[in-house]
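Hello,

The structure I promised is below, and my notes on it follow.

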Amino acid sequence: MLFYLLRRVLAGILVLFLISLFTFAIFFWLSPDPAVQICGKTCTPERIDQIRSQLGLDLPFLQQYWQFVSGIFVGRTYGEGAGAITCAAPCLGFSFQTNQSVTDMIADRMPVSVTVAVGAAVLWLLAGVGGGLLSAVKQGTGWDRTVMFGALAGISLPNYFVALLLQYVLVVQLQWLPFPHAASFTEDPVAWFQAYLMPWLVLAFGYAAMYSRIVRTNVIDTLGQNFMRTARAKGLDQSLVMRRHALRPSLTPVVTLFGMDFAGLLGGALITETVFGLNGVGKLAADSITKNDQPVIMGVTLLAGLLVVIGNMVVDVAYTGLDPRVRVRSA
Amino acid sequence: MTTVPSELAVETEAKGALPSGGAPTPARRVLHSLRTSPGAIASIVIIVAIALMAILAPVLSAITGWDPYEFDPTAIDSDLGGLPIGPLGGVSAEHWFGVEPGNGRDIFIRVAYGAQVSLLIAVSATLVTTTIGVVLGMIAGYFGGIADQVISRVMDFLMAFPTLIFMIALLSALPAGNRPALLVIVLSIFGWPYTARIIRGQTMSLRNSEFVEAARASGAKPLRIAFREVLPNLRGTIIVLATLAVPGYIGTEAGLSFLGVGVTPPTPSWGQMISTAVGWYAVDPMYFLIPGTFLFLTVFAFTVLGDHLRKALDTGDAA
Amino acid sequence: MSITSAARTISIPVVGAPLLEVEHLSVSFPTSSGPATVVRDASFRVDQGTTLGIVGESGSGKSMTSLAVMGLLPRGGTATGSVRLFGHELLGRTDRELRRIRGDRIAMVFQDPLSSLNPYYTIGVQITEAYRAHRGGSQAAARKVAIEALERVRIADPDRRIDHYPHQFSGGMRQRIMIAMAICLEPDLIICDEPTTALDVTVQAQILDLLADLQRQTGTGMVFITHDLAVVSRVADDVLVMKDGDEVERGTTEQIFTAPRAPYTRALLDALPRIDDPFETLKGVQA
């Protein structure tokens, strides 16, 4: 078990290393010179050189990459002497736009993204698993067709389109909700709820659609398994057969999916946060992309990678507990 | 003390029919099942209609007299911040789907040209990923060993990637250049493992099937077996995977364009039109409704068709 | 109330009635081109302590016959005719009533033990749940019964093995577990559907011996479904030969093997390998 965990962690580190290397390489070779960008309009060649050397942009690729990586682990110092700026670990550099520390920017935005992800996850699990079960148990009926049509629509509707539709209907036409605006939970819980309700619904709709299709397929598959026949031949009552023998095999694979999706969402719901103006990591990523703010893009990409890798790992470990067949043989 | 199981005679007969591909019967069966399903017919009609609209975009442009970049100041009200004149976002005999607020470009023609871009990118990416996915998946599944190790690790790596954000980072860093081509490349890099994984699994089980073993025993070369025996049996899976890949790429391309890293203005794209419409949604909902509806219909139709094909071909886990 | 009484009355035999009597049983499924009959007019009986072998190729309707007896036909299947346990009619009973009989009075052992056991639960859970569903009682008591049953099917170290998962056993052991599950409630009838088909020849023989021993100890009636005439000759007292849903021939095992009346039975017998005739071993059934 320990060996297995160790192997998983090493594989995760390798993935993160490659992600950071690729992302760094892309910016190094493909992107316009950040020094010019920082310098602005009133710029002299001397000033550009000064910025370059302060940020270490005049160094060769590997050295720059090394500085970046060591900054994450031990922090780094920009420039020398009195004008030097220190950046504590984990240092992801400073925004070209605001000069803020990227680490702080991300940390500030995380709570919003976590709120968005958790709320949406609760909704989509309830709707997706519930809908899928209903559909499978009532296979071929009107219920099944209704849920599956809804799910098909859900996976075909881009979430920004759903977001606009929902906003148009609920805010502009029916006026059930105010225009989205930020609010704190402690100061004004109602406004807070109103601000998050639509993002939750929009995200949950898309995921629930996907999950209900998968759950339905899994349950129908399980119902056709031989062990279901055995369970009925034992004389168990129908609800026990369903609860004990059908549910677990049907839902266990969903755990993998959920772990990955949830981890991905924690790294920011780019589109949803942007459309609803929520200041989460996703919106930070979208904004930094439009402004070509490289250190921020780099930081957000790495965060997303880290979360996906961790999510992957948690899922794998959880799976060994959930499916006895993949349990690592210890004895 | 074993007897000859009497099923054996029947089974070998059934398997024996497989190597020839069994082309006419399954194909006819699939066509029949598609023909008898209203959902499948409707989705084919939608796909054909949108494809025609895309192909005939220049003709439509000539008929309506608008080209996708042409401003029409007479269709918008400059006193109202450039809102389209007339109801439903300026729908009129001249502008069938109304005009864009602010500049008065014809939405119908932009949607038609947007379809061209969307379909071109999605279909190209599908062709590329299907080819790469099938070839690498077959190599990994058929030959196993080191080839399988290498291909599988690369697939694992690509699938563990935070794909969307990385695509965005990549596209934002890349110089403008030929955007549609760049999008196809980026979509393909991250798309092929999903095809390859399933093809690999099916190839592995086909490799051990009796007719492949028979071909091997008769001295056929590996490449010949791969193309003559294995590939024909993957046909159903490939068709289903490709059909379901198209809506995925259409959606991703639209999403990237929506975020401003996809197709760059002034080239029209559905995602980008919806993105511009965000600022106008409260006063001119038609601006996001029209491209959004086309995007939805296209993705929906391809998904329904893919689902039907999967059911008809019964390719199991080709999700 | 009525459910318990139904189960109770069924355990009181109607005087003179055999353990299981099936008369004119037909099973059909609806298809797009009208109903398809998979079993046509099958009749047979099983007495306590005896074994009936049902022989046929796949698709001959032998498995559907057993599922009809259990009331476990796949969705859409309908059975007509008569199935009587100790003289009590089973066809037409509600699922709730049949549930009291399944596992308790009639148990089943299926062909593929790996897929017939739920991979997510220990074998202990899967054996005890059957016991507790019918007899109630504490988990500890059920566990004791389960361990005893495992002992009887000769699983070594049952105290420890009861907490293992199906994938941790070999094919033969899994089938023993299925048998333990079937016998732990001491049913009157055990239906074995190709119980040895998925197993190696040596393991096959062990399982057949085990079943014969258990039958001798308990006097349970048995229905043994197989495509394998050699197996039938070892275990069955009576034989029913089926083909395409029809009864081909019925008689005592001795009668079927020494003086088969139907040409199809003769063809099946000809397909059996014989030590004295090595060239005959590969002759298939030309039906």
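A residue counts as buried if 20 or more other C-beta atoms lie within 10 Å of its own, as exposed if there are 12 or fewer, and as partly exposed in between, with C-beta atoms placed from the backbone. Helices (H or I, at least four residues) and strands (E, at least two) are DSSP runs, numbered from the N terminus.

This is a predicted model, in which local features need pLDDT of at least 70 and side-chain atom pairs count only at pLDDT 80 or more, while totals for chains, interfaces and linings use all residues. Residues are numbered from 1 along each chain as its sequence is written, and chains are lettered from A and ligands numbered from 1 in the order in which they are written.

Helix α8 of chain B

Helix α8 (residues 163-173) of chain B is largely enclosed by the rest of the structure, because ten of its eleven residues are buried. Those buried residues are Leu164(B), Ile165(B), Phe166(B), Met167(B), Ile168(B), Ala169(B), Leu170(B), Leu171(B), Ser172(B) and Ala173(B). They pack against elements of two chains: α1, α11, α12 and α13 of chain A, and α9 (179-207) and α11 of chain B.

The contact between chains A and B

Two residues are in contact if their C-beta atoms, placed from the backbone, lie within 7 Å. Chain A gives 38 residues to the contact and chain B gives 35. On the side of chain A, the elements with two or more residues in it are α1 (2-30), α6 (142-156), α7 (159-173), α11 (270-275), α12 (281-290) and α13. The largest share, eight residues, comes from α13(A). By class, this side of chain A has 27 nonpolar, eleven polar and no charged residues. Here Ala, Val, Leu, Ile, Met, Phe, Trp, Tyr, Cys and Pro count as nonpolar, Asp, Glu, Lys and Arg as charged, and the others, Gly among them, as polar.

Gly321(A) is in helix α13 (residues 294-322) of chain A. Gly321(A) is exposed, because it has 10 other C-beta atoms within 10 Å.

Chain A as a whole

Chain A has 13 helices and two strands, and its C-alpha trace spans about 85 × 65 × 35 Å along its principal axes. Of its 331 residues, 39% are buried. Among contacts in chain A between residues at least 6 apart in sequence, 64% join residues at least 24 apart. The chain is divided into domain 1 (33-91) and domain 2 (102-330), with bounds from an automatic or database domain assignment. The C-alpha centres of these two domains of chain A lie 39 Å apart.

An unreviewed UniProt entry annotates residues 110-319 of chain A as "domain: ABC transmembrane type-1". UniProt positions are given in the numbering used here, feature names are shortened, and annotations may be inferred rather than shown by experiment. Residues 110-319 of chain A are 82% helix and 0% strand, and the end C-alpha atoms are 27 Å apart.

Chain B: annotated spans and a helix pair

For chain B, UniProt (unreviewed entry) places the feature "transmembrane region" at residues 39-63, 119-143, 155-174, 180-199, 230-250 and 286-305. Residues 119-143 of chain B are 100% helix and 0% strand, with end C-alpha atoms 35 Å apart. Residues 230-250 of chain B are also 100% helix and 0% strand, and there the end C-alpha atoms lie 30 Å apart.

Helix α6 (residues 107-143) of chain B packs on helix α11 (residues 222-258) of chain B at an angle of about 145°, with axes 8 Å apart. Axes are lines fitted to C-alpha atoms, for helices over the stretch in contact, and angles run from 0 to 180 degrees between N-to-C directions. The residues of this contact are 17 nonpolar, four polar and one charged. Among them are Thr126(B) and Tyr142(B) in α6(B), and Leu241(B) and Glu253(B) in α11(B).

Chain C

Chain C has twelve helices and ten strands, and 45% of its 287 residues are buried. Its domain assignment gives domain 1 (1-105 + 191-287) and domain 2 (112-186). Twelve residues of domain 1 of chain C are in contact with 15 residues of domain 2 of chain C.

Regards
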